[in-house]
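Dear colleague,

I am handing over the structure below, together with a short account of what was found in it. Please read the account alongside the coordinates.

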Amino acid sequence: MLSLFRRAIELLAFKAGLVAVGFVVVAAITRYFGAASAGRYFWLLAFASLVVVFLRFGRDTGLIKKLAGSETREERNQFILQAIGWVLLSSVVYIVGAVFVLFVLGEYVVLDFTLACIFLPPLMAIGSLFGFILQVEKKTAWQQFYLDVPRLAAGGSAVGVGLWLNDTSLYYSVLLFSLLATLVSALHIKRLGYLRGKIDINVLGEAWYYSQFLLISVTALLMVEGAVIFTGFFGTSAQVAELAVSSRIVRVIILILLAFNAVYTPEFAKLHKQGKQQQLVCAFQSARDKSSALALFGGVGLAIVGKPLLSLFGEAFTDSYYTFVVLLAAQVMKVMVGSTGQLLMMTGYQTIQQRTLIISVVIMLGLSWILIPSLGSLGASISLLVAVIIQNVFGLIYCVKHHHVPWLPFVRVRAS
């Protein structure tokens, strides 16, 4: 467990470094381009993340589960070639459909924004598949590097050249750096012995298996990016920017859970396959205890310095402090409940996770429709908090029922 904890801390430190760079980049974007332009850019990133889930068709959790359970590199290589075949096919369908919509809408289309909406999701989808290989190969820092650096580099370069391109540079930059990251990550995993042979064109062979994870992936993504997406529909671009900025600051808390998930999720799948139930519970609780301690410490610190941090993004953002506090509470709660979703999915209870996520997202959508028009970004954050409470409480109930994990963190579990 110590080696897993050390890897989680190393990954968390690496993620924190990327967040620090991202903090500077986002502050530059909001100050230079203004809240409205920044809001449209943040909405693009959230929209692209949602489309990526559909393009992968459940090949995230399902693929990780298969990769972690495979015995040989050749077997993992076959799985990844099958996944690439599917994503290429779904990307072609998406691009053709998006171009058709472009021609239908005609004069209402903004070219740079639309091109980014069309081509960014396929690049992110293919790159994320390579990231899953790196995760299973215990190179999670590299996985995070390839996922985050395109956005950071794009934002930085956009500000640098924005003097003559304005916010157009944001969209073209993120496309360019996403393409470069995808190519470099492909070379990286090829050096590890993958991408050998032909891409599997029998993409429908295991469609049913992966379809079980699709709805989970979509609803899980909406629990992360849904508030931004819904604010784009029910609010204004400036309100999107307020929510996105607060979300990015408090993301340092959820990074704790994501770092531990990245390291412990393959371990959950392996221990379950080996039938080591008690060790599985110990691994879950160990990750939960350590991540909860970090989240409590970080949450209190962020609550204290929240207003000064928001002011760095511009005076308009200081009024969104209550939005910031609500989002912070949601993230701390997620971490303290633990990796319940990952535990359920890695042990065959993905249907339970699916139901809890669907209920939570539907409630968040309904509350967003009611609260965002009147409360703006604060309404979106309240909707998210309620949805997070429902999802995590139900997830914990089922984990206690099926795996007998403790109700609370910091409760000792015997190893045997």
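In which helix is Val 393 found? Val 393 lies in helix α14, which covers residues 377–403, where helices (H or I, at least four residues) and strands (E, at least two) are DSSP runs, numbered from the N terminus.

Before going further, please note that this is a predicted model, in which local features need pLDDT of at least 70 and side-chain atom pairs count only at pLDDT 80 or more, while totals for chains, interfaces and linings use all residues. Residues are numbered from 1 along each chain as its sequence is written, and side-chain values use heavy atoms, with hydrogens and water left out.

As to the overall fold, the protein has 14 helices and zero strands. Of its 416 residues, 55% are buried, a word that here means under 20% relative accessible area, with exposed meaning over 50% and partly exposed the range in between (1.4 Å probe, protein chains only). Taking a contact as heavy atoms within 4.5 Å, residues 24 or more positions apart account for 84% of the contacts with a separation of 6 or more.

A search of the whole structure finds one salt bridge, defined as a side-chain nitrogen of Lys or Arg within 4 Å of a carboxyl oxygen of Asp or Glu. Its partners are Glu 225 and Arg 251, whose closest N and O atoms are 3.9 Å apart. The pair links distant parts of the chain, 26 residues apart, with Glu 225 in helix α8 (residues 207–234) and Arg 251 in helix α9 (residues 237–273). Glu 225 is buried at 8% relative accessibility, whereas Arg 251 is partly exposed, with a relative accessible area of 22%.

Cys 117 is buried at 11% relative accessibility, and Cys 399 is buried at 0%.
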